[in-house]
Amino acid sequence: MCQDPKQTPIYKLRHSLAHIMAQAILELRPTAQLAFGPPVDSGFYYDFDFGGEPIGERDLQDIENRMRRIIKEKQPFEQRFLPLDGALAQLDGQTYKTQYAKELVETGKAGDEGLGFYTNGPFTDMCEGPHLEHTGEVPKGCFKLDRISGSYWRGSEKNPMLTRVYGLAFESKEELEDYIARRKLAMERDHRKLGEELDLFVMDQEVGVGLPLWLPNGAVVRNELESWAREVEFRAGYRAVSTPAITRKELYLRSGHLPYYADSMYPPMPVDEHDEYYLRPMNCPHHHKVYGARPHSYRDLPVRLAEYGNTYRYEKHGSLAGLLRVRAMCMNDAHIYCTPEQVEQEFRSVIEMYLMYYKHLRMGGFRVRLSLHDTDSGKFVANEEEWVRSEDIVRDVLRSMDIAFEEEAGEAAFYGPKMDIQVKNLLGREETVSTCQLDFVMAERFDLTYVDAHGEKQRPYIIHRAPLSTHERMISFLIELYGGAFPTWLAPTQVMLIPVKDNLNDYADEIENRLRHQLFRAEVDSSDESFNKKIRNAVTRKIPNIWILGGREKENREITWRRYCSKIQQTVPLDHACHALERMRAERMMDNFDDVNLPIAE
C-alpha cells in the first residue's frame, strides 16, 4: 500500500519550515494577516496580508537568520483541537484564518475533535499537520528562502491580493544544491526565454494573453512535426479531414461537453436571437459528424479520421505559461471508429505509435497513467458496466505490452478511460503531454452506427488520440529538452554558409541556390562581421550545420563541415555533403545527440 504523502519525512519537513518561516515573519511584521502555508513540490510557501507594511527581497536574509535561530531552539510542535468558539478566540484578529475556520465547520470538514492547531514556541497556527517533533529536526543547510510574489486569496482574482513568500527545502544540503543547479539549467533552457532568443514565437498583449504568434522559425518546427505526423498517419491508414473552428451551441449540448467545459470555453457568439456559436475547445464532435455523414459497414471499419485542428480554450490567466498552457492551440488529433473485436488491436497500435514518437524524439523518462472514473463523482457518465469493460480493455492492452502504469481514479474523460503520458521537465515537475482515450458514449449520443455481418446496426467504439499533443505543448517540451538545438530536419535554418572572404560569396550563393532547390533551409552570412564573429553568430542561433567556404574548398568543389557545439571540422566534397544532408533529413536523424552516426564522412 502506498504511503500517505502527508506522512512522508519531506512533507513534514516542508510543512514545519512553513510554520517556522511564518513565526520569523511575524517577528518582523506582528500585525500581518496569515492565510495559507502549505508544502509544495520543491519546498513551501506562506501567504500574508501585510497591510501597509510590506516586505521585500531585501528582508529574506533577515528572515532566514531568524528561522535558523528558531530551529536551534528545538521548539516542539504541539497539537491540540478546539471547538469553533475556542478556535475563533484563538484566531482573534486573523481575518483569513477566521473565515476559513467558519467554512470548515459549516461544511462538516472540521472533524469530530474540532479544529486542529499546532503551536511551536510563541507561534500558533490552525493546521491539520503533520509536523516534525521539534524544530531542531530540520537538517542543517536544507532550506533557502527563494522569492516573493503576489497571490490572490483562495486563488480567485475577485479576492484580495496577498504576498506569497516561497522557500526551497529538501532533506539535505546536497539535494538543495542539486535542485538549485538544475533550476539554473532549466532557466537557461526555459522555452519562453529560448523562444524569444531564437525567434520562434512571441506573445503580444494587443493580440491577447495565451495567444501565441508563431514567427517564421517557429512555423518551421510546427510544419516539420506536422509533415512527419501526416506521413506516419498515412502509412497507418488514417484519412485526413478538415473541419471548422466554430460551431453551433447544439453540437456541444448533444456531445455533453458544454456542461463539463463551459468554464474553459470562450463565451458564445450570438448570431441571431435563436442561434449561438462557440469557438471549439476540441475536435471530437466535428469528427463524429464526419463519420456520421455516410453509412458504414463492418467491412469499412476501422475508420481513422485525422486532423491538425485549431482549438480554443479560455484557460485562467494565472495558469497560462508560455506555450505549455495557452488559449489557442493546434492539436495532433484523430478519432478511430472500430468494432468491439477491433478495439484492443487499434488501441495497441495507437500506443505503439506513441512509443515510436517518444523514442525517436528522445523523450525518455515518461510515466504512463491509467486514468479511471470515480463512482462517487458526478462528472462521469452513469454506466458502470461499460466503465468496467472499457477500463479492463485499456488495462489489458497495457499489461500485454509490458508497459508499467499507475492507476488514478477520477482522472478519466467523462465519456471513458484514458491513458495519459506524464513527462517531467528539468525540475521534475510533471505535465500531461499526450493522451489516448477510449470512448463508449459518443456513438450513442451522435447515433453513430455500422452494419455488422448479419445486417444489424451496431455502435462503434471510438478511440481519441493525440500522440504529438498540441504543437504548443510538444514544442515547449522539445525546446527545453534540446536547449533550443534542434536536429537538422527540425531546425529553422539547417545550413549556414560562411565564406572566408568576400570573393567567395559567389561560391556560397551557388551552394545556397542548390540547397534551396533541394528544399533545404540554407543561408549565406555575407555580413561585414569577422569570420570568427560569423561562426559565433551561427553557434548562438544553434544552427546545426555550418559550412565553411575557403579558396581551397571552391577550387576542389568542397565544403568544410562544422557541427553545432563541436570544434571538429571535416572537409568533404560538395556532392557528398548534399547527399549526406538528404539522408539526415529523409531519416529524420536526431543528429543533435552525440550517439548518432552521421553520414558526413561516409
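Contact here means heavy atoms within 4.5 Å. The model is predicted.

**View 1. Helices packed on the sheet containing β5 and β6.** Helix α1, residues 9–28, lies across strands β5 and β6. The direction of α1 makes about 125 degrees with β6. Helix α4, spanning residues 95–106, also touches β5 and β6 as it packs on the sheet, and its direction forms an angle of about 40 degrees with that of β6.

**View 2. The open sheet β4-β5-β6.** Three strands form an open sheet in the order β4-β5-β6, paired antiparallel. Because β4 (78–82) and β6 (123–126) each have a single partner strand, they stand at the edges, and one side of each lacks a neighbour in the sheet. On average, neighbouring strands are turned by 25 degrees against each other, direction ignored.

**View 3. Pairing of β5 with β6.** Strand β5, residues 115–120, runs antiparallel to β6 and is joined to β6 by four bridges. N120 stands opposite F123 of β6.

**View 4. Cysteines without disulfides.** Zero disulfides are found in a search of the whole structure. The cysteine sulfur closest to that of C330 belongs to C284 and is 14 Å away, which is too far for a bond. For C436, which is in no disulfide, the nearest cysteine sulfur is that of C338, at 10 Å. C330 is buried at 3% relative accessibility, and C436 is buried with a relative accessible area of 0%.

**View 5. Division of the chain into domains.** Domain 1 covers 5–181, domain 2 covers 196–482 and domain 3 covers 495–586. The centres of domain 2 and domain 3, taken over C-alpha atoms, are separated by 41 Å.

Technical notes:
Residues numbered from 1 in each chain as written. Predicted model: local features only at pLDDT ≥ 70, side-chain atom pairs only at ≥ 80, totals over all residues. Heavy atoms only, no water. Disulfide = S-S within 2.5 Å. Buried < 20%, exposed > 50% of the residue type's maximum accessible area, 1.4 Å probe, protein only. Domains from an automatic or database assignment. Pairing = 2+ DSSP bridges. Helix = DSSP H or I, 4+ residues; strand = E, 2+ residues; numbered from the N terminus. Axes fitted to C-alpha atoms, helices over the stretch in contact; angles between N-to-C directions.
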